[in-house]
Amino acid sequence: MSVSDLVARALEGDLNHREDQCALTEEWVMPAMPEVVRLATAAREKTNFSHQQRIEKNARRPVQVAEGDRDLAQYPIGFCKIICEDVFRDLSQHPLIQDLVNRGVVFKNVYIILYGRYFQNAIQIGNLYLDAANDTVDPEKPFLEWMPIADLDYQNLESWEQVISVVESYFHTRVIPNRYFPLLAPFVPFLSIRSEGQLELLMFQDLFFLKDLGDGMRRYIEWISSKQGAAARTLSKDDQALLKREFGANLFQQFPFEYAPATTEQLIDQAKDLYAASLDENGEAVITKLVELARQASVIFKSRQLKSRGTR
């Protein structure tokens with residue numbers, strides 16, 4: 001998949017009420033919703049069964065996942081993306097959904113901020129919102145919810161400050177700009193200090209990065225350039241010394257990104273260089289490799305179990 005295809009997929013992650021979907025939703029989607037709900041329920045039950053088998057197999061070993069804070073023993077909490085993708089894949093193969101799509105109905109995965117409090121993966125079908133992972137924050141909620149998009153309290157992801165406010169409350173963490181691994185910073189712009197003091201790379205998504213990449217990294221550059229709010233934060237001297245001690249040797253086999261504390265101007269230049277590289281004929285390989293190495297780095301960093309002494 002090319003970089004332009006990846007960016008296009010990220011842009012499709014926005015949820016929008018569309019005028020061209022009004023008549024289609026009224027004529028075709030609404031009458032089909034009882035069957036869509038039945039199919040989505042069956043798909044979710046299939047996903048539940050698959051994860052239950054994994055839970056039983058790994059009963060004594062929690063599964064570490066680089067993206068977010070998912071522990072298989074806590075399923076479905078934190079498994080929003082995985083569940084949504086499974087359900088979407090199952091639905092997209094059904095003749096009913098294929099018929100709706102052939103009639104011009106929008107059917108896609110979306111990634112939004114819901115109720116101003118947390119991130120949610122869901123599905124847009126026509127001008128309706130369909131969530132088959134509604135219980136992944138609060139397991140007491142019904143697992144399936146759907147409604148007209150116009151009735152939903154949501155935001156599309158548009159700025160890093162907007163994302164930070166949700167990240168800090170949702171993940172119970174304090175965000176620090178990643179000034180310390182500049183090659184990684186455009187894709188993973190945050191370090192985080194968890195409520196229990198754990199210091200980590202905060203890698204929880206890639207869609208917003210890809211969306212920004214399609215705009216020349218405009219949002220990241222505007223955010224880090226502002227030197228205000230979260231963008232003005234730095235790690236304490238003790239924490240910087242901790243990072244230098246753990247990663248300063250810059251041995252690739254131990255950690256795939258160079259520890260090289262950077263100025264704001266250097267971070268901006270790095271973001272511009274990454275955008276330029278993405279436009280090159282080898283751009284797809286560059287971005288794919290960045291994502292692969294970033295996931296490795298997140299796991300390695302977390303495994304070090306580093307404890308912060310605070311920020312300034």
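This is a predicted model: local features need pLDDT of at least 70, side-chain atom pairs count only at pLDDT 80 or more; totals for chains, interfaces and linings use all residues.

User: How many helices and strands does the protein chain have?

Analyst: Helices (H or I, at least four residues) and strands (E, at least two) are DSSP runs, numbered from the N terminus. The protein chain has 10 helices and nine strands. Its radius of gyration, taken over C-alpha atoms, is 21 Å, close to the 20 Å of the globule rule (2.2 Å times the number of residues to the power 0.38) for 312 residues, so the chain is as compact as a globular protein of that length.

User: What share of the residues is buried?

Analyst: A residue is buried under 20% relative accessible area, exposed over 50%, and partly exposed in between (1.4 Å probe, protein chains only). Buried residues make up 50% of the 312 in the protein chain.

User: Which residues have the most contacts inside the largest nonpolar core?

Analyst: In soluble globular proteins, nonpolar side chains tend to be buried together. A nonpolar core is a set of buried Ala, Val, Leu, Ile, Met, Phe, Trp, Tyr and Cys residues joined through side-chain atoms within 4.5 Å. The largest one here has 61 residues, and those with the most contacts inside it are Phe119, Phe181, Tyr220, Leu243 and Phe301. Helix H10 (residues 283-303) supplies the largest share of this core, seven residues. A second, separate core of 28 residues includes Val29, Leu39, Cys80 and Phe107.

User: With which residues is Phe301 in contact?

Analyst: Contact means heavy atoms within 4.5 Å. Leaving aside neighbours within four places in sequence, the partners of Phe301 include Phe181, Leu191, Leu243, Phe247 and Phe255.

User: Which peptide bond is cis, and where is Pro76 found?

Analyst: The bond from Tyr75 to Pro76 is cis, with omega near 10°. Pro76 lies in the loop between helix H2 (22-57) and helix H3 (80-92).

User: Is His172 buried or exposed?

Analyst: His172 is exposed, with a relative accessible area of 54%. Although not a glycine, His172 has a positive phi of about 55°, and its place is in the loop between helix H5 (160-170) and strand E6 (173-177).

Methods:
Residues are numbered from 1 along each chain as its sequence is written. Side-chain values use heavy atoms; hydrogens and water are left out.
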